[in-house]
Amino acid sequence: MRPKIAPSILAANFNHLENDIQMINESVAEFIHCDIMDGVFVPNISFGIPVVEHVKKVAGKPLDVHLMISNPDNFITAFASAGASWLTVHYETCPHLHRTISAIKENGMKASVCLNPHTPVSVLSEIIADLDMVLLMSVNPGFGGQQFIINTYKKVRELKSLIQENNSLCLIEVDGGVNFDTGKQLIEAGADVLVAGSFVFNSEDPKETIRQLSEL
Ligand code: DX5
Ligand code: ZN
């Protein structure tokens with residue numbers, strides 16, 4: 001199956017954000033990936049709820065919101081109201097993950113859990129059947145434009161096995177350092193969704209780059 005592409009607007013031009021959203025709308029992208037960073041869980045601050053609300057007003061694709069924040073439970077309702085269709089929380093920030101996942105679904109969103117590069121896939125074994133998506137970080141979260149961590153291919157294969165063993169319909173998304181080369185190997189390993197920030201927005205023709213990623 002063809003990979004779904006989720007361009008990350010972290011690498012967009014924030015002076016002309018609407019233009020970049022329109023570009024994504026006109027592209028074959030599946031989602032618009034929004035990276036929310038709080039300066040506590042990750043060593044960077046990006047943007048928050050008001051920006052997501054404005055993105056939603058011009059978005060022609062579902063918002064895939066990636067929360068890199070401490071205490072995400074406090075913001076589930078706010079991101080639902082802001083227009084998130086998919087909400088990803090980090091495993092590392094959720095001591096009561098089952099409760100968090102249930103709350104995301106009760107707020108009408110698809111539920112996704114993200115694993116940092118050092119967190120093993122096996123921690124999700126008891127909850128995989130309840131998830132709509134797992135996001136594997138292929139860089140340490142906090143910044144765009146970092147180098148892809150090669151161990152991610154192995155984690156994609158392990159996650160694929162876990163999903164199949166549990167008859168789960170959960171998608172596998174990968175985030176960080178995605179380009180034509182890493183993207184192709186990720187798809188071969190079993191990834192369904194590729195997040196791409198700098199590779200898309202720094203390219204000559206971002207719409208065409210999204211199309212080519214979708215045909216890997
Ligand atoms: C990193 C973010 C990513 C980031 C990816 O913390 O979660 O979504 O925007 O950026 P690239 O594609 O440039 O590695
Ligand atoms: Zn992300």
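Mentor: What follows goes through some labels and the values behind them.

This is a predicted model, in which local features need pLDDT of at least 70 and side-chain atom pairs count only at pLDDT 80 or more, while totals for chains, interfaces and linings use all residues. Residues are numbered from 1 along each chain as its sequence is written, chains are lettered from A and ligands numbered from 1 in the order in which they are written, and side-chain values use heavy atoms, with hydrogens and water left out.

Trainee: Why is the site of the zinc ion (ligand 2) called octahedral?

Mentor: Six donors count as octahedral if opposite donors are over 155 degrees apart and all others between 65 and 115. The six donor atoms here make angles of 68 to 166°, and the site is octahedral.

Trainee: Which residues coordinate the zinc ion (ligand 2)?

Mentor: His 33 (NE2), Asp 35 (OD), His 66 (ND1) and Asp 175 (OD) do, at 2.0 to 2.3 Å, where donors are N, O and S atoms within 2.8 Å of the metal (3.2 Å for Na, K and Ca). Asp 35 in strand S2 and His 66 in strand S3 are 31 residues apart, a pair linking distant parts of the chain; strands are DSSP runs of E, at least two residues, and helices runs of H or I, at least four.

Trainee: Why does Asp 35 count as buried?

Mentor: Buried means under 20% relative accessible area, exposed over 50%, and partly exposed in between (1.4 Å probe, protein chains only). Asp 35 has 4% relative accessibility and therefore counts as buried, and His 66, at 0%, is buried as well.

Methods
Four donors count as tetrahedral if all angles lie between 85 and 135 degrees; four count as square planar and six as octahedral if opposite donors are over 155 degrees apart and all others between 65 and 115; anything else is irregular.
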